[in-house]
Amino acid sequence: VFTVVDNQPEYIGGQAAMIEFLTQNIVYPKAEREKGIQGTVYVTFIVETNGNLSNVKVIRGVNKALDTEAVRVVNLMSKRWKAGTFKGKPVRVQFNLPIKYALEEK
């Protein structure tokens with residue numbers, strides 16, 4: 001598994017498409033919303049050579065409900081990635097993704 005490559009893995013459609021996917025698919029847990037719990041969950045995973053994701057896990061979380069939701073949504077992103085490359089060949093690459101939970105100010 002590589003951490004430094006010539007070309008990083010990329011969500012198909014780019015950064016904007018990935019943000020749109022996350023926005024449309026993340027469900028803010030009701031209890032956490034009502035308690036005003038916010039924060040950033042840092043998820044790590046491996047982008048495989050075929051664009052699938054594996055070994056999805058939280059490396060720094062907020063709480064169990066927000067962490068679980070972040071992992072669920074990242075797993076939905078499998079098969080939506082273009083593999084990273086090293087010396088012209090697709091390789092497995094570890095990727096870290098912050099997922100921010102923020103409530104609107106009233």
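Guide: This is a predicted model. Let's start in the strands: I46 has Q94 in β7 as its bridge partner.

Visitor: How many bridges join β2 to β7, and do they run parallel or antiparallel?

Guide: Nine bridges, and β2 and β7 run antiparallel.

Visitor: What about β2 and β3, how many bridges there?

Guide: Five bridges, again in the antiparallel sense. Y42 stands opposite R60 in β3.

Visitor: In what order do the three strands of the open sheet come?

Guide: The order is β3-β2-β7, with antiparallel pairing. The edge strands are β3 (53-60) and β7, each pairing on one side only. From one strand to the next, the twist averages 25°.

Visitor: Which residues of β7 are on the covered face, and which on the uncovered one?

Guide: V93, F95, L97, I99 and Y101 make up the covered face of β7. Q94, N96, P98 and K100 are on the uncovered one.

Visitor: Which residues of α1 are buried?

Guide: G14, M18, F21 and L22. They are on the same side of α1, because they cover an arc of only 110° around the axis.

Visitor: Why would residues three or four places apart point the same way?

Guide: An α-helix has 3.6 residues a turn, so residues at that spacing point the same way.

Visitor: And which exposed residues does the face turned away from the buried side carry?

Guide: A16, T23 and Q24 are the exposed residues on that face of α1.

Visitor: What covers the buried residues of α1?

Guide: The cover includes β1 (10-11), α3 (64-76), β4 (81-82) and β7 (93-101).

Visitor: Now aromatics. How many aromatic pairs are in the whole structure?

Guide: A search finds seven. One of them, F45 with W81, is edge-to-face, at 5.6 Å centre to centre and 65° between the planes. That pair links distant parts of the chain: F45 is in strand β2 (residues 39-47) and W81 in strand β4, 36 residues apart.

Visitor: Are F45 and W81 buried or exposed?

Guide: F45 is buried, with a relative accessible area of 0%. W81 also counts as buried, at 4% relative accessibility.

Visitor: Which residues form the aromatic cluster?

Guide: Y11, F21, F45, W81 and F95 form one cluster. F21 is also among the buried residues of α1, and F95 is on the covered face of β7.

Definitions and conventions
Residues are numbered from 1 along each chain as its sequence is written. This is a predicted model: local features need pLDDT of at least 70, side-chain atom pairs count only at pLDDT 80 or more; totals for chains, interfaces and linings use all residues. Side-chain values use heavy atoms; hydrogens and water are left out. Buried means under 20% relative accessible area, exposed over 50%, partly exposed in between (1.4 Å probe, protein chains only). Helices (H or I, at least four residues) and strands (E, at least two) are DSSP runs, numbered from the N terminus. The arc is that of the directions from the helix axis to the C-beta atoms. Contact means heavy atoms within 4.5 Å. Rings of Phe, Tyr and Trp (its six-membered ring) pair if their centres lie within 6.5 Å; planes under 30 degrees apart count as stacked, over 60 as edge-to-face and the rest as tilted. Two strands pair if DSSP finds at least two bridges between them. Axes are lines fitted to C-alpha atoms, for helices over the stretch in contact, and angles run from 0 to 180 degrees between N-to-C directions.
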